[in-house]
Amino acid sequence: MILSKIICVANQKGGVGKTTLASNLGASLALEGKPTLLIDLDSLCSLTKAQGYNPDDFDSSIVTVFENVKNVPQCIYETGVDNLSIIPSSPMLDVAETSYINKKDKFDRLKKALEIVKPIFEYIIIDTSPTLNLYTINALAASNCIVIPAETKYQSMFSLEVFISSIEAMKEMKNPDLKLLGVVATMYNCQANEDKEVLTELQENQSVLGIIKRTTAASSAVKKGLPCVVANKRTVVAQEYREITKKIMNLLEVK
Ligand SMILES: Nc1ncnc2c1ncn2[C@@H]1O[C@H](COP(=O)(O)OP(=O)(O)O)[C@@H](O)[C@H]1O
Ligand SMILES: [Mg+2]
């Protein structure tokens, strides 16, 4: 029986490439033949939209899962990519928080729900919002590991240090087994000195899983409603995502 490997993509900073990484990591795993589930845990629904969907078109979403963990099977939808499914988000996600904020298991709801689907998917990829809110804590509590996309800018590196300290504190409280798999350097501009310096510092201090260069090929795929590794598969950035995915698979799959 398979038991999913659950990967949380997180960073407290917005616009660093979390959703683009989650989307392309999920699609690359699916292209490698791994049944994969994407979970959109951001009320902006960017991961849902990146698969070509309007979040308002779904009867059930991640909110339905948080209302009752047993609802999870009815909230899983197939995407346009073989082997890739999604639990969409809803613009009501943040508002819905008030209905379970006083529940005892408020931080463990996603973990309980995923126990039900763990035998179905080889990988579960969770995209989070740029805050350590109730949902992000649920994601960290439910995951085996975390991958942090970080922009190669000084400001981004300072917030990375803060975020990693928060994760360490969170780990102790909610999930001692959570593993920081590594950092993905994103939006890298090889012509800029700042980017080169920050990349060197990142490589000295963190386990860097790979580098994603700044390119319009990454953002233009969203318009097509497909991850870049599917829509623009011959581009350099698609290859970069595929390589990072293989590295993650090597780290997580004991041969
Ligand atoms: N490698 C890249 N080069 C240029 N733009 C990118 C790249 N990756 C993502 N983007 C764009 O940058 C913006 C923020 O990316 P996103 O993945 O939504 O970040 P986050 O989820 O951290 O807020 C989006 O418009 C996205 O299309
Ligand atoms: Mg996002």
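Two residues are in contact if their C-beta atoms, placed from the backbone, lie within 7 Å. The model is predicted.

**Exercise 1.** Find the contacts of Tyr-77 beyond its neighbours within four places in sequence, and decide whether Tyr-77 is buried, exposed or partly exposed.

Solution. 
1. Locate the residue: Tyr-77 belongs to strand S3, residues 77-78.
2. Leaving aside neighbours within four places in sequence, the contacts of Tyr-77 are Phe-58, Ser-85, Ile-86 and Pro-88.
3. Take Phe-58: it lies 19 residues from Tyr-77 along the chain, and the two C-alpha atoms are 9.0 Å apart.
4. A residue is buried with 20 or more other C-beta atoms within 10 Å and exposed with 12 or fewer. Tyr-77 has 18 such neighbours, so it counts as partly exposed.

**Exercise 2.** Describe how H1 packs against helix H11 (residues 236-252).

Solution. 
1. The axes of H1 and H11 are 9 Å apart and meet at an angle of about 70 degrees.
2. Angles of 65 to 115 degrees count as roughly perpendicular, so H1 is roughly perpendicular to H11.
3. H1 contributes Asn-24, Leu-25, Ser-28 and Leu-29 to the contact, and H11 contributes Tyr-241, Arg-242 and Thr-245.
4. By class, these residues are 3 nonpolar, 3 polar and 1 charged.

**Exercise 3.** Which residues come nearest to ligand 1, and which elements give two or more residues to its shell?

Solution. 
1. Of the 17 residues around ligand 1, the nearest are Lys-18, Thr-19, Thr-20, Ala-218 and Ser-219.
2. Helix H1 (18-31), strand S7 (179-188) and helix H9 (216-224) each give two or more residues to the shell.
3. The shell holds 6 nonpolar, 9 polar and 2 charged residues.

Technical notes. Residues are numbered from 1 along each chain as its sequence is written. Chains are lettered from A and ligands numbered from 1 in the order in which they are written. This is a predicted model: local features need pLDDT of at least 70, side-chain atom pairs count only at pLDDT 80 or more; totals for chains, interfaces and linings use all residues. A residue is near a molecule or strand if its C-beta atom, placed from the backbone, lies within 6 Å of it. Helices (H or I, at least four residues) and strands (E, at least two) are DSSP runs, numbered from the N terminus. Ala, Val, Leu, Ile, Met, Phe, Trp, Tyr, Cys and Pro count as nonpolar, Asp, Glu, Lys and Arg as charged, and the others, Gly among them, as polar. Axes are lines fitted to C-alpha atoms, for helices over the stretch in contact, and angles run from 0 to 180 degrees between N-to-C directions. Angles under 35 degrees count as roughly parallel, over 145 as roughly antiparallel, 65 to 115 as roughly perpendicular and the rest as oblique.
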